[in-house]
Every structure is written in structure tokens, then in C-alpha cells.
Amino acid sequence: MPSPRAALTAASAAGLAVLTALVVSAGGRPFAVDAAAHAGALAHRPAAAVDAARLLTGTGTGVTVYVLAAAAGWLACHRARVPASRRVPVVLAALALLGLGQTVRIGLRTAVDRSRPPAADWAVHAHQASFPSGHATTSALVAGLLAWALLRALPGARGRVAAACCGLWAAGVAGTRVFLGVHWVSDLVGGWLLATCWLALTLPLLGRVARRAVPAPMAAASRTERSAPGTSAVPRPPRERSPGGRAAVPGRDASPGPGE
């Protein structure tokens, strides 16, 4: 049986290949679901919502996403209290993961060369081809990196809640692209499939870099904390035993009583 990671990689890669083939075979024209979502967005676009969407969409591109990727690499070793100098390779590896993923996306976008929705419908500036969505791909990659790091850094429910918030942010950034009229829904799906495939392939490699950054004593201490949270790692001294083999009770004489 394939591992869950291998199955996820294969499924997302197959989905992306099928969707790309459909987009190319249609000559880049929108599908029915694309046209319906685009028309719905244009019909319900109050000014306040447009302003909020512009702010949110701005967090999914530019310098911000690379700062977040670097933060993910830094946080990945936080629980093991790794010194700053040993975290640098993890930060650089996280940035490389994002940068190489962007390179793959740009190559696919150039090859497909799908047209965007009509420029008259745009509520924000956009450029170059439409498929896959750059904001959807990038925000999903960064959300995956942050979720991976937060699950390592924060124990239990706190890490899961923080990781879920990262996913909600990425979904919100992607949704603004349709709302602002610069992408089709299928562009977002293509970006999510590409990001999922790329993360499934590369996060294990990033995990290896993070493990190498943790010295053996720190790794052992971190495992002890995870296995017994809130308890001391110092072993208890053995209980004294009386000559008869019974465990001595503090505060009592271990010698036999009168009737023994």
C-alpha cells in the first residue's frame, strides 16, 4: 500500500494534469462554473468589501510571503530551543522550497498562457497569464509551511488551531482573486493542486533539514517533554526496604513490631 504522502502526491499531480489538459483543450476559455462564479462576484461587490479584499489579497504576494516562509523555518526548531545559528539552514531551506515552487508555477503559467477575465471587470491590477493563480499557489505554499512549523512548535490543540488558521488565510487570499475579477475559479483549483503536490514532495526534505539542526541532547530533551508534559525528567530515588523485604514507609520504624 502506498504511504499517505505518496498517495496525496499522486492524486494532486493527477488532478493538476487533468485540469491543465482541460484548460488547454478549451483554448483557455472559462468553464461554466468559472463564468457563474465571475458573474456572481460582479453582482455582489460593495465598495467596503472590495477594499477589504484588496488588503487581504496583498498579503498573498510580494515580500510578505517570503517573510512568512522564513518565519516558518525559524519556528520549526522553536520547541527544541535550537540556537539561532543552527536555525539559519532551516530558514534558507524554507525559502528555497517557496522559491522553487514559484519557479514551477511560472513555468506552467507560461506554457498554458490562459487569458484572464475581461480587464473591465478587474477591481485590482493584474498582469500576465491566469492559470494557475499565483496568489492561490503562493498563499497555499506559505500556509503549508507555516502549518508544518506550528504543528512542530506548538503542542496539541494549539498547534492544530494555528495550522487551521493558516489554511483559512490561504483560502481567503485565493477567494479574493475571483471576487476582485482577476481570476477564474479553475485558476484557484489549479494553484491549490500545484501547491499540494509540491508540499507533499518537499516538506519531508525540509523536515530532514530541521532534524539535522537539532543537536542530539536537545532532541532527547524535546522527546522527553513530548512524552511526559509537565513532569520532571529527573528520576526518583529508589525506596528503602526493610531487612524483611518490605518497603519502608517514611515516618515509621521499619523494624518488626511486638506482634511480628
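The expected span of a helix is 1.5 Å times one less than its number of residues. The exercises below apply to a predicted model.

**Exercise 1.** What span should α7 have, and what separates its end C-alpha atoms?

*Solution.* Start with the count: α7 has 24 residues. At 1.5 Å a residue, α7 should span 34 Å. Next, take the end C-alpha atoms, which lie 35 Å apart. The two values agree. Then look past the helix end: Gly181 follows α7, with a positive phi near 80°.

**Exercise 2.** Which helices do the buried residues of α7 pack against?

*Solution.* List the buried residues; among them are Gly159, Cys166, Trp169, Arg177 and Phe179. Then find their partners: α2 (32-43), α3 (47-58), α4, α6 and α8.

**Exercise 3.** Which residues of the largest nonpolar core touch the most other members?

*Solution.* The core has 33 residues. Val90, Leu97, Leu98, Leu145, Trp148, Leu203 and Leu206 touch the most other members. Now assign helices: α4 (63-75), α5 (84-112), α6 (134-153), α7 (156-179) and α8 (185-212) each give at least two residues. The largest share, nine residues, belongs to α6. Zoom in on Leu206: leaving out residues up to four places away in sequence, Leu206 touches Val90, Ala93, Ala94, Leu97, Leu145 and Trp148. A second, separate core has seven residues, including Leu19, Leu108, Val112 and Leu194.

**Exercise 4.** Where does pLDDT stay under 50?

*Solution.* Begin with the chain: pLDDT averages 85, and 81% of the residues score at least 70. Residues 217-236 stay under 50, with nine contacts beyond four places in sequence. Residues 247-260 also stay under 50, with eleven such contacts. Where pLDDT is low, the predicted coordinates should not be read in detail.

Terms used
Residues numbered from 1 in each chain as written. Predicted model: local features only at pLDDT ≥ 70, side-chain atom pairs only at ≥ 80, totals over all residues. Heavy atoms only, no water. Core = buried A, V, L, I, M, F, W, Y, C linked by side-chain atoms within 4.5 Å. Buried < 20%, exposed > 50% of the residue type's maximum accessible area, 1.4 Å probe, protein only. Helix = DSSP H or I, 4+ residues; strand = E, 2+ residues; numbered from the N terminus. Contact = heavy atoms within 4.5 Å. pLDDT = per-residue confidence, 0-100.
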